[in-house]
Amino acid sequence: MPTSVCGTWDMISNVNFDGYMKALGISVHLRKIALRLKLKKVIEQQGDQYIVKTVSTFRNYTISFKIGHEFEEFTKGLDNRHIKSTVTWQGNKLTCEQTGEKKNRGWAHWVEGDKLHLELYCDGQICKQVFKKNVNE
Ligand code: ECB
């Protein structure tokens, strides 16, 4: 059985976040702030509903969804776009396709040992983030 993605996870590495943010058209000012953040993921499951919170000292961002059900996502405080998102399991990867103005956009989460991996991609740019399980929260 694959390890659950649920729990509290603290970012330990972040590769090409700047490239991903550039692809989303984020200003240099906001990119500088964002690059300094140590992000936290808080992932919960309530019945068939998942809640994924991205938490930082600067801004928080939360989505909730059911597997396989398309939902309207407004990326408030990120690139502020209205997109249509669908999350599915692809093997052990929790993957999201985000359709809208930006091409080839989405993300994938998976767990290896006590690490949560995340690939965020947009328009050919791939950001790779790794989080370590926080057993105190
Ligand atoms: C919410 C903390 C980040 C705040 C950064 C603020 C300004 C920069 C603007 C845009 C940057 C683009 C994306 C931010 C990166 C991470 C936030 C959530 C990325 C995401 O889609 O996470 C998924 C998968 O875990 C769940 O929403």
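**A chat about the ligand and its surroundings**

Guide: The model here is predicted. Start with the shell around the ligand: its largest share, three residues, comes from α1.

Visitor: How many residues are around the ligand, and which come nearest?

Guide: There are 21 residues around the ligand. Phe 17, Ile 26, Lys 41, Arg 59 and His 109 come nearest.

Visitor: How much of the ligand does the protein bury?

Guide: The protein buries 99% of the 640 Å² that the ligand exposes when taken alone.

Visitor: And where does the ligand sit?

Guide: In the largest cavity.

Visitor: How do the residues of the shell divide into nonpolar, polar and charged?

Guide: Fifteen are nonpolar, written 15 in the count. Four are polar and two are charged.

Visitor: Back to Lys 41. How far is an N or O atom in its side chain from an oxygen atom of the ligand?

Guide: That distance is 2.6 Å for Lys 41.

Visitor: What about the side chain of His 109?

Guide: An N or O atom in the side chain of His 109 is 2.7 Å from an oxygen atom of the ligand.

Visitor: New topic. How many aromatic pairs are there?

Guide: The count comes to two aromatic pairs. One of them joins Tyr 50 and Phe 65.

Visitor: Why is the pair of Tyr 50 and Phe 65 called stacked?

Guide: The planes of the two rings are at 10 degrees, and planes under 30 degrees apart count as stacked. The ring centres are 5.6 Å apart, which is within the 6.5 Å limit for a pair, so Tyr 50 and Phe 65 form a stacked pair.

Visitor: Where do Tyr 50 and Phe 65 lie in the chain?

Guide: Tyr 50 is in strand β3 and Phe 65 is in strand β4. They are 15 residues apart, and the pair links distant parts of the chain.

Visitor: Now the backbone. What is phi for Asn 104?

Guide: Phi of Asn 104 is about 50 degrees, a positive value, although Asn 104 is not a glycine. Asn 104 is found in the loop between β7 (93-99) and β8.

Visitor: And what is phi for Asp 123?

Guide: Asp 123 has a positive phi near 55 degrees, and this residue is other than glycine.

Visitor: Where is Asp 123?

Guide: Asp 123 has its place in the loop between β9 and β10 (125-133).

Note on methods: Residues numbered from 1 in each chain as written. Predicted model: local features only at pLDDT ≥ 70, side-chain atom pairs only at ≥ 80, totals over all residues. Heavy atoms only, no water. Near = heavy atom within 4 Å. Polar contact = N/O pair within 3.5 Å; in protein donor to acceptor, adjacent residues only side chain to side chain. Areas by Shrake-Rupley, 256 points an atom, 1.4 Å probe, with all protein chains shown as cover. 1 Å grid on protein atoms, 1.4 Å probe; cavity = no way out; pocket = protein on both sides within 12 Å on 5 of 7 lines; lining within 4 Å. Sits in = over half its atoms within 2 Å of the grid points. Helix = DSSP H or I, 4+ residues; strand = E, 2+ residues; numbered from the N terminus. Nonpolar A, V, L, I, M, F, W, Y, C, P; charged D, E, K, R; others polar. Phe/Tyr/Trp six-rings, centres within 6.5 Å; stacked < 30°, edge-to-face > 60°.
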